[in-house]
Structure formats: structure tokens, C-alpha cells
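Please look at the sequence and the structure shown here before reading on.

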Amino acid sequence: LALLMIALVNGEPELLRYGLADDLHQPYRWNQIKGLTEAIGMAVASGDYGACLSGSGSTLLSFCPSAEVAARVGAAMRDALEANGTPVDAVHTVRI
């Protein structure tokens, strides 16, 4: 949580990937959302600053440096989830 706050307050988006890592609740949900690991991996590979499972799940967050990267990340995450049998209702990304 500290790294997440530092990244946001100080404008250091490269720290978001580490600040979004959550070893408390995410590991219990990895197996409940098919394609989650792949979707997070595709977000990273597509150029986002960091991605995570939000709250109790079903929402994935991805922080991106531009609208172009956001579109690429959103499409890659959708493809990864749907390829694993998880339907996607909407794709929203946050540009910081």
C-alpha cells in the first residue's frame, strides 16, 4: 500500500506495478477467475504501469501512460480472459 501511495502522490507511475501487488487477497482469487494471470501478464507486456484485481474480484484495473496503450492493454486483457472462458462485459482503463 505504501508504494501505491508513493507512486500516486509523487507521480512515479513506474512504482505502480509494485504498489498494486497484493499478496493478502489476490492469491485466493487467482483460481476463481479463469485467465486472470494471463490478463495481468498481457497488460504488463502491452505497456501498462500496473494492473490488479480490484476488491473481491470481477474488476481488473490497469493504469496506462496513454490512450493508445490503454486501448492495447484493454484489448489484450479482454482476449486473455475470453480465451480462458471468462466473459468480459466492459473494458475501462485509467490514464495517469
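## From the chain to a helix pair

Read along the sequence, the protein chain follows the pattern α-α-α-α-β-β-α-β, where helices (H or I, at least four residues) and strands (E, at least two) are DSSP runs numbered from the N terminus. This is a predicted model, in which local features need pLDDT of at least 70, side-chain atom pairs count only at pLDDT 80 or more, and totals for chains, interfaces and linings use all residues. Residues are numbered from 1 along each chain as its sequence is written, and side-chain values use heavy atoms, with hydrogens and water left out.

Helix 4 and helix 5 (residues 67-83) pack with their axes 8 Å apart and at an angle of about 160°, where axes are lines fitted to C-alpha atoms over the stretch in contact and angles run from 0 to 180 degrees between N-to-C directions. The two helices are therefore roughly antiparallel to each other, a term for angles over 145 degrees. The residues that make the contact (heavy atoms within 4.5 Å) are listed here.

| Helix | Residues in the contact |
|---|---|
| Helix 4 | Leu36, Glu38, Ala39, Met42 and Ala43 |
| Helix 5 | Val73, Ala76, Met77, Ala80 and Leu81 |

Ser46 lies in the loop between helix 4 (36-45) and strand 1 (50-54), and it counts as buried because its relative accessibility is 11%, buried meaning under 20% relative accessible area with a 1.4 Å probe, protein chains only. Leaving aside neighbours within four places in sequence, Ser46 is in contact with Val69, Arg72, Val73 and Ala76.

Terms used: Buried < 20%, exposed > 50% of the residue type's maximum accessible area, 1.4 Å probe, protein only. Parallel < 35°, antiparallel > 145°, perpendicular 65-115°, else oblique.
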